[in-house]
Amino acid sequence: MFLLHENIARVQMCARRGEAQQRRRGHELARAHRFTRRAEVAAQQARTALARAL
């Protein structure tokens, strides 16, 4: 009986670990999208400023 509970606990821990990894990947992806968007906006502002200067 003890081994059964131990196996159940191990499976649950593995499942939680996998869920945590998925959440981290999601956060990393969202952060990458934000940084990409900021870079695009900065590049557009630089192009606009250059066009006005000429």
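Arginine 10 is partly exposed in this predicted model, at 42% relative accessibility, where buried denotes under 20% relative accessible area, exposed over 50%, and partly exposed the range in between (1.4 Å probe, protein chains only). Arginine 10 forms a salt bridge with glutamate 6, the closest N and O atoms lying 2.9 Å apart, the term denoting a side-chain nitrogen of Lys or Arg within 4 Å of a carboxyl oxygen of Asp or Glu. Both residues lie in helix H1, four residues apart, about one turn of the helix, with helices (H or I, at least four residues) and strands (E, at least two) taken as DSSP runs numbered from the N terminus. Glutamate 6 is likewise partly exposed, with a relative accessible area of 30%.

Two salt bridges are found in a search of the whole structure; one of them joins the side chains of arginine 37 and glutamate 40 at 3.6 Å, N to O. Arginine 37 is exposed at 51%, whereas glutamate 40 is partly exposed at 43%.

Isoleucine 8 belongs to helix H1 (residues 2-53) and is partly exposed, with 41% relative accessibility.

Residues are numbered from 1 along each chain as its sequence is written, and side-chain values use heavy atoms, with hydrogens and water left out. The model being predicted, local features need pLDDT of at least 70 and side-chain atom pairs count only at pLDDT 80 or more, while totals for chains, interfaces and linings use all residues.
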